[in-house]
There are 2 protein chains.
Amino acid sequence: MIHELQRIEIERVLRSEVFGHLGCHAGDRTYVVPMTYVYDGASIIAQTGEGQKVAMMRDNPNVCFEVDHVDADGAWESAIIQGRFEELSGEPARAALRALIERLDLIHHQRGEMSPRGAGRTAPGGPPGSRREVMFRIIVEQMTGRSETVPWIPEVRLEAGDEVC
Amino acid sequence: MIHELQRIEIERVLRSEVFGHLGCHAGDRTYVVPMTYVYDGASIIAQTGEGQKVAMMRDNPNVCFEVDHVDADGAWESAIIQGRFEELSGEPARAALRALIERLDLIHHQRGEMSPRGAGRTAPGGPPGSRREVMFRIIVEQMTGRSETVPWIPEVRLEAGDEVC
């Protein structure tokens, strides 16, 4: 059975993960990309290279950011943010990068494994010849969340399959 | 270093996973949700309950579906589909549900763990009082993919952090 998450539960999901999916839309096209992030209590902070998603978010700053977590038993939680893209520069960009790096370091040490997908690997500006890195935040305007604690039961599925065969 | 995936590599990602993220957009709102799926070579097949995302896809059938895979060493692959939502009914809906159930059963047995997030647990129509289940496909119009094989190196990140402190 699916439950709506309370604000405190949604925030726990956002603070416990480092990996989510950004959804943006511009020019009649919707785009979903995986990203590492850190949540600071008001915004999702992330870094990416100049490219399609940055161009789309500059065009239409109203974006979605989704974070989920699945247990080994199949129980899951999902947090969905509606927010506003804001590009960072100067000291706010440097502070955001430091927060992201600290978060990834902490997770790296806690979990003994990592999938940071490039975020934080390059300082703003990057090495010569590389594409420019863009620090940004998604200012949270609305957040919702759902969870399902009942694990998946194969027998139920097979009965369902029988019904439709 | 990030590489563009060839069509055959993108298809391998789509066929090897059972879990992706759907992005849809309607009424000035972008929405990203996790979903189990099966890829049949031309479409993403999935099931969901009547609700916000179905209403949005009926309003604007141009959607995005993203699938990614991360290895323990941090290497990752991501496939992004641009496609068109199409609702299924009658025999095509029943065939789609069977394909989805078969795929989830196979993965369940292969991996010894599962996170199907409800898909296929309820036959179309569902038990009395439940919300109606909707079978649909996303007809692939365009697919792109990227990978990064170089694992994350903390020292590189720390150097990047030093530069900006």
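Start at the N terminus of chain A and the elements run β-α-β-β-β-β-α-β-β-α-β-α. That comes to four helices and eight strands. Keep in mind that this is a predicted model.

**Chain A overall**
- Chain A has 165 residues, and 55% of them are buried.
- Take the contacts in chain A between residues at least 6 apart in sequence: 70% of those join residues at least 24 apart.

**The nonpolar core**
- In soluble globular proteins, nonpolar side chains tend to be buried together.
- Here, the largest nonpolar core holds 58 residues. The members that touch the most others are A:Leu14, A:Phe65, B:Leu14 and B:Phe65.
- Leaving aside residues up to four places away in sequence, B:Leu14 touches B:Tyr37, B:Tyr39, B:Ile44, B:Val67, B:Ala79, B:Ile81 and B:Met143.

**A closer look at A:Glu87**
- You'll find A:Glu87 in strand 7 of chain A, which covers residues 76-88.
- A:Glu87 counts as partly exposed because its relative accessible area is 32%, between the 20% and 50% cut-offs.
- Along the chain, A:Glu87 and A:Phe136 are 49 residues apart, yet their C-alpha atoms are separated by 4.3 Å.
- Not counting residues up to four places away in sequence, A:Glu87 touches A:Arg58, A:Arg132, A:Val134, A:Met135 and A:Phe136.
- Two of these arginines also make side-chain polar contacts with A:Glu87: A:Arg58 at 2.9 Å and A:Arg132 at 3.3 Å.

How values were computed: Residues are numbered from 1 along each chain as its sequence is written. Chains are lettered from A and ligands numbered from 1 in the order in which they are written. This is a predicted model: local features need pLDDT of at least 70, side-chain atom pairs count only at pLDDT 80 or more; totals for chains, interfaces and linings use all residues. Side-chain values use heavy atoms; hydrogens and water are left out. A nonpolar core is a set of buried Ala, Val, Leu, Ile, Met, Phe, Trp, Tyr and Cys residues joined through side-chain atoms within 4.5 Å. Buried means under 20% relative accessible area, exposed over 50%, partly exposed in between (1.4 Å probe, protein chains only). Contact means heavy atoms within 4.5 Å. Helices (H or I, at least four residues) and strands (E, at least two) are DSSP runs, numbered from the N terminus. A polar contact is a pair of N or O atoms within 3.5 Å; within protein, one must be able to donate a hydrogen and the other to accept it, and residues adjacent in sequence count only if both atoms are side-chain atoms.
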